[in-house]
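Please walk through this structure with me, one region at a time.

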Amino acid sequence: MFNTKIYQALSGTVSCNAARLKCFCLIVNAIIRHRTVNLTILATTADGKSCLTQSRYRRFQDFFLKFSLCLTTVSKVILARIPKPAGGYILAMDRTNWQFGRRHINFLVIAIVVGKVSIPIAWTILPKKTKSGNSNAYQRKQLTKKLLAVLPATEITVLTMDREFIGKQWLEWLNEQDVAYIVRIKKNVWVGKNQAGKLARRPGPQRKERLVIFGLELFFASKSMKGKGRDESLMVISNCFSGKEALKIYRQRWGIERLFGHLKRNGFDLEATHMTDARKLERLFALTVLAFLFSFAWGCRLRENSEKMTAAAKRKSIFRLGLEDILTLLAQNPKDPSIEFHQNEFWQWLQSETFESIFLV
């Protein structure tokens with residue numbers, strides 16, 4: 001039943017034939033049910049057919065090995081289901097990595113900030129030879145081009161980035177694309193005639209004028225981060241935002257860190273895959289993101305009626321609230337009138353073109 005409903009929701013939007021789309025939907029269903037991406041476990045998911053688990057496993061292998069999947073189309077499907085905020089989308093770029101054997105796997109991701117988490121909209125695997133897993137300007141440009149193919153710069157409020165995403169060539173290119181950005185910098189970066197760390201220690205209000213940073217005229221803002229054994233400053237630069245506004249927006253970037261936790265050990269155990277091929281991994285990531293989107297968005301829908309929720313349910317993250325409710329719905333007997341009503345509500349919601357309950361910052 002769940003496979004069919006996902007198929008109905010995605011039919012006509014994901015560009016592949018019916019058989020491949022059904023396999024696509026079955027894998028998304030299996031990731032949610034088993035909370036893992038390990039194909040051996042996913043292959044045990046019943047799909048209404050009498051085929052053996054081994055046959056289903058080979059079918060999943062063929063999906064990743066032989067079938068083409070347009071990741072741009074998947075990005076469009078994800079974007080269409082996220083309500084557009086009045087001021088545009090706040091984005092975050094970051095990298096997540098893990099190790100399988102001797103192979104280091106590094107994903108470079110751009111995600112839309114949604115509440116306290118983020119939802120990926122563009123992603124790529126960094127090459128094996130990438131130094132220390134860090135991306136270079138060329139790789140960031142290629143990923144951002146994928147982003148701009150589905151989300152024009154006019155609809156982007158700002159792209160937030162951590163300290164590894166700096167450099168004149170990269171930031172200058174973003175300026176040329178009319179993409180606003182806020183990026184954290186290290187204390188040894190020169191801001192005008194002073195290093196950032198020295199400038200951050202100066203008392204007084206935030207500077208409003210532009211300063212020369214990486215050879216570009218940019219805004220600089222800083223904030224003390226004392227406490228819990230640390231004594232440092234948060235220092236950011238931006239081509240459009242200054243002062244407290246830049247610092248406030250940048251704080252929302254942490255949602256992408258929570259996202260990685262949900263995709264990995266705290267959610268769908270993305271690190272459990274034995275895949276190392278870049279094309280296969282990018283497809284697997286797309287399926288896992290859809291599983292996350294359905295779970296998180298349904299949690300947002302449930303949180304709308306928080307007055308009916310127990311105290312324990314209110315303490316759960318929105319993602320976990322949605323995921324656990326979906327798992328409960330799939331496991332319960334639909335002959336119970338109350339369960340049948342709730343299930344029908346979920347099936348109807350799943351067909352929505354946009355998940356209106358998602359709240360954006």
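The second largest pocket is lined by 14 residues. L302, N305, M309, D325 and H342 lie nearest its centre. The elements that give two or more residues to this lining are α11, α13 and α14 (337-350). Six lining residues are nonpolar, two are polar and six are charged. Here Ala, Val, Leu, Ile, Met, Phe, Trp, Tyr, Cys and Pro count as nonpolar, Asp, Glu, Lys and Arg as charged, and the others, Gly among them, as polar. The volume of the pocket is about 300 Å³. A pocket is an open set of points on a 1 Å grid over the protein atoms alone, where a 1.4 Å probe fits, with protein on both sides within 12 Å along at least five of seven lines; lining residues have an atom within 4 Å of a point. Grid points are joined across faces, edges and corners, and the volume is the space filled by probe spheres set on the points.

This is a predicted model: local features need pLDDT of at least 70, side-chain atom pairs count only at pLDDT 80 or more, and totals for chains, interfaces and linings use all residues. Residues are numbered from 1 along each chain as its sequence is written, and side-chain values use heavy atoms, with hydrogens and water left out.

Next, helix α10, residues 255-263. Helices (H or I, at least four residues) and strands (E, at least two) are DSSP runs, numbered from the N terminus. In α10, G255, I256, L259, F260, H262 and L263 are buried. Buried means under 20% relative accessible area, exposed over 50%, partly exposed in between (1.4 Å probe, protein chains only). Which elements do the buried residues of α10 pack against? They pack against β1 (89-100), β2 (103-114), β3 (117-125), α11 (278-303) and α13 (318-331). Contact means heavy atoms within 4.5 Å.

Now the cysteines. The whole structure holds zero disulfides, a disulfide being a pair of cysteine sulfur atoms within 2.5 Å. C23 is buried because its relative accessibility is 1%. C240, at 46%, is partly exposed.

Two backbone angles deserve a look. R35 has a phi near 55°, a positive value in a residue other than glycine. R35 sits in the loop between α2 (18-34) and α3 (39-42). F214 also has a positive phi, near 55°. The loop between β8 (211-213) and β9 (216-224) holds F214. At 23% relative accessible area, F214 is partly exposed.
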